[in-house]
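Visitor: I would like a close look at a single part of this model. Please take it step by step.

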Amino acid sequence: MKRLNGVDALMLYSETPEIHMHTLKIGILDVSGVEGYSFEMFREIAYPRLMGLSALRYLLVDIPLRLHHPMWWETPDIDLDYHLRQARVPEPGGRRELDDLIGEIASTPLDRSRPLWEMYVAEGLADDRIAIIHKVHHVLADGVASANQLAKAFEPDAPSPIRVVADPTERTTAQLLKAAGRDHAHLIRKLPRLMSETAAGVSRVRKRAGERGRHPELARSFAPPQSFINHVVSPGRRFATAPLSLPEVKQTSRQLGVTLNDIVLATAAGALRTLLLRYDGRADAPLIAGVPVSTDPSPDRLVGNEFTYMMPSLPVHIDDPLERVRLTAVSTKIAKDSHQLLGPTVLPAWMSYLPPALAPKFFRMQSRRMGSGGVMNLTISNVAGPRERGQVAGAVCSEIYSVGPVVTGSGMNITVWSYVDQLAISVLTDDRTLTDPHEATDALLDSFADIRRAAGLPGELATMGSTLPLATASRRPTV
């Protein structure tokens, strides 16, 4: 058995009836070359691959009296009848219909009495395609671990299942309490050093901030302005996707001398400016993004959460695309610098001290009352996905999308996931934030095109021939 680390525990405790803490991984497969394809065929092919990912057999075990974080107990088998489900995309089977289905799937929580994942095989897509929709709780895997799982599942040979023999004595009250006491003693021994490291890190951050001087054009740390994104989040979810050409994004970053992540964030800033003008009637103050940063990017890690956040300013108040890129690069450089000076593992280490008996109640109260972003306006993730095109039994994976959860006080999550030659954009919102979630993907594509034109590059974006046709907002409100 294995104890949840502090960030794992945070992902679990922060889930409420309104805030679903699962993530979604969506792969679109072309099955035209698979003779006799059927759902039953997929089940047979999928079973050994799923069994080879031991994390998918992990079951949460609560500690008596909630005296410590839960533990993982590895079950010997997968109940495929429960976890693997058949779904159907409504006609005509395009991107919009698939995105709508995914929004419905995202709107319900996972059952904690089971291993925390479900997989849907969505049939009915045009051109002999199916979508594999993997719904997995964030407590089980962060973006890096999820990407590694996906890459392993797409390997030519299925991973070898490791059969385990469940030992029920590990779950007795006495054994659980004994392990909790031992782990608490370890945390107590670590506390003085953690306090010293935290104090030193905060001192370094403050000193560097004084050396930098004021940056009035950037948002003040931990002070996100109110926006249409920030409100008490509802349980319903809406979803939208769009692909970009990864070579075009890389070309743009080289042309402007900034990182690919700077381009992603500047593109998001331009899109959010459009949406702020549409929904709030103004875009006069920079927003704050919460950007997950991995503290363990190992390609072999398949489970758990090893990340923290940096919080760059998003210059949504700037009309000029090139100035938005410049300010984004400045703010991300400052955020990275502060992140390193504080110490990348300091905040995750403090999460281990969350009180299991009190934290879930606190988060439930917050989710029903908190109508602001707290320390950030929204989450924006940029994850490197598989570099090789996946193929399973002759079915070629043409697209992969991924998205994390929306969080308390913030009704939007933007996740960008690279796959071979694509930069796949996903937007998840609650059902209060936008009239149509494809307003956000439309705005993101428009924003990127504006940056390219301003950089002296062609503004007409490349058509991704292997992907589903784009879906645009059914009704685009005017500013």
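How many bridges join strand 3 to strand 4, and do they run parallel or antiparallel?

Guide: Bear in mind that this is a predicted model. Four bridges join strand 3 to strand 4. Strand 4 covers residues 71-74, and the two strands run antiparallel.

Three strands form it, in the order 1-4-3. The sheet is open, and its pairing is antiparallel. Strand 1 (2-3) and strand 3 (58-61) stand at the edges. Each has a single partner strand, so one side of each is left without a neighbour in the sheet.

Next, a loop elsewhere in the chain. Ser 410 is found between strand 14 (395-403) and strand 15 (412-419). Ser 410 is buried, because its relative accessible area is 2%, under the 20% cut-off. Its side chain reaches the backbone oxygen of Asn 377 at 2.6 Å. Leaving aside neighbours within four places in sequence, Ser 410 is in contact with Ile 229, Asn 230, His 231, Val 233, Asn 377 and Leu 378.

Last, a helix pair. Helix 9 (residues 321-342) packs with helix 12 (residues 438-454) at an angle of about 100°, and their axes are 8 Å apart. That angle makes helix 9 roughly perpendicular to helix 12. Helix 9 makes the contact through Pro 321, Leu 322, Arg 324 and Val 325. Helix 12 brings Ser 447, Asp 450, Ile 451 and Ala 454. By class, the contact has five nonpolar, one polar and two charged residues.

Key:
Residues numbered from 1 in each chain as written. Predicted model: local features only at pLDDT ≥ 70, side-chain atom pairs only at ≥ 80, totals over all residues. Heavy atoms only, no water. Axes fitted to C-alpha atoms, helices over the stretch in contact; angles between N-to-C directions. Parallel < 35°, antiparallel > 145°, perpendicular 65-115°, else oblique. Contact = heavy atoms within 4.5 Å. Nonpolar A, V, L, I, M, F, W, Y, C, P; charged D, E, K, R; others polar. Buried < 20%, exposed > 50% of the residue type's maximum accessible area, 1.4 Å probe, protein only. Polar contact = N/O pair within 3.5 Å; in protein donor to acceptor, adjacent residues only side chain to side chain. Pairing = 2+ DSSP bridges.
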